[in-house]
Amino acid sequence: MAGKRSGLFTNLAPVLNVSDLAAERAFYEALGLPVTYEGSEYPDFIAFTMDTVHFGIQQAPETNDPPSVLTWQIAVSDVDMAAEVCTAAELDFSMEQENPAPGWRYRRLILRSPSGYRVVLEGPNES
């Protein structure tokens with residue numbers, strides 16, 4: 001049965017509930033993620049798509065606690081370039097270096113979205 005389901009799931013497209021839709025949109029656009037859907041059919045929803053990244057944001061129906069819900073991790077091909085994008089967009093971030101095992105070392109940028117989500121831009125293995 002598991003073999004039959006191997007092609008069933010084709011894409012992960014999470015939707016984040018946000019407290020300030022306009023501020024979140026500006027945040028992700030500043031990172032370079034283009035809006036690919038915004039329409040009257042779903043006025044409180046915006047979708048972003050770039051290569052293998054596909055997700056949406058929607059106005060939260062009630063107050064939530066983003067930091068306790070998830071860490072939003074997005075892989076980047078070049079962490080230094082991601083830092084330059086964040087600096088140019090005047091987005092506050094910190095950089096961490098992780099060394100989980102021999103031969104496995106990477107850096108990541110830690111940001112906070114306007115609605116409070118922890119956004120991590122993780123670079124490739126640098127070992």
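The points below concern the sheet, salt bridges and aromatic pairs of a predicted model.

1. **Sheet order.** Four strands form an open sheet with mixed pairing, in the order β5-β8-β7-β6. Its edges are β5 (71-75) and β6 (94-101), each of which pairs on one side only. On average, and with direction ignored, neighbouring strands of this sheet are turned by 30° against each other.

2. **The β7-β8 pairing.** Strand β7, residues 104-112, pairs with strand β8, residues 118-122, in the antiparallel sense, and five bridges connect the two. Within this region, Arg-108 has Glu-122 of β8 as its bridge partner.

3. Helix α3 (residues 79-88) lies across β6, β7 and β8. The helix runs at about 15° to β7.

4. **Salt bridges around Arg-108.** The model contains six salt bridges by the rule applied. One of them joins Glu-96 to Arg-108, with the closest N and O atoms 3.0 Å apart. Because Glu-96 belongs to strand β6 and Arg-108 to strand β7, this pair ties together parts that are twelve residues apart in sequence. Arg-108 also forms a salt bridge with Glu-98, where the closest N and O atoms are 3.6 Å apart. This second pair again links distant parts of the chain, with Arg-108 in strand β7 and Glu-98 in strand β6, ten residues apart.

5. **Accessibility of these residues.** Arg-108 has a relative accessibility of 13% and therefore counts as buried, the cut-off for that class being under 20%. Glu-96 is partly exposed, with a relative accessible area of 27%. Glu-98 is likewise partly exposed, at 24%.

6. Glu-29 forms a salt bridge with Arg-25, and the closest N and O atoms are 3.3 Å apart. The two residues are four apart in helix α1 (residues 21-30), so about one helical turn separates them. Glu-29 counts as partly exposed at 36% relative accessibility, and Arg-25 is partly exposed with a relative accessible area of 23%. A network of salt bridges links Arg-25, Glu-29 and Glu-38.

7. **Tilted aromatic pair.** There are eight aromatic pairs in the structure. Among them, Tyr-37 and Phe-45 have ring centres 6.0 Å apart and planes at 40°, so this pair is classed as tilted. Tyr-37 counts as partly exposed at 24% relative accessibility, whereas Phe-45, at 19%, counts as buried.

8. **Edge-to-face aromatic pair.** Phe-55 and Trp-72 form an edge-to-face pair, with 5.1 Å from centre to centre and 70° between the planes. Phe-55 lies in strand β4 (residues 53-59) and Trp-72 in strand β5, so the pair ties together parts that are 17 residues apart in sequence. Phe-55 counts as buried at 2% relative accessibility, and Trp-72 counts as buried at 12%.

9. **Aromatic cluster.** Phe-55 and Trp-72 also belong to one aromatic cluster, together with Phe-27, Tyr-28 and Phe-48.

Technical notes. Residues are numbered from 1 along each chain as its sequence is written. This is a predicted model: local features need pLDDT of at least 70, side-chain atom pairs count only at pLDDT 80 or more; totals for chains, interfaces and linings use all residues. Side-chain values use heavy atoms; hydrogens and water are left out. Two strands pair if DSSP finds at least two bridges between them. Axes are lines fitted to C-alpha atoms, for helices over the stretch in contact, and angles run from 0 to 180 degrees between N-to-C directions. Contact means heavy atoms within 4.5 Å. A salt bridge is a side-chain nitrogen of Lys or Arg within 4 Å of a carboxyl oxygen of Asp or Glu. Buried means under 20% relative accessible area, exposed over 50%, partly exposed in between (1.4 Å probe, protein chains only). Rings of Phe, Tyr and Trp (its six-membered ring) pair if their centres lie within 6.5 Å; planes under 30 degrees apart count as stacked, over 60 as edge-to-face and the rest as tilted.
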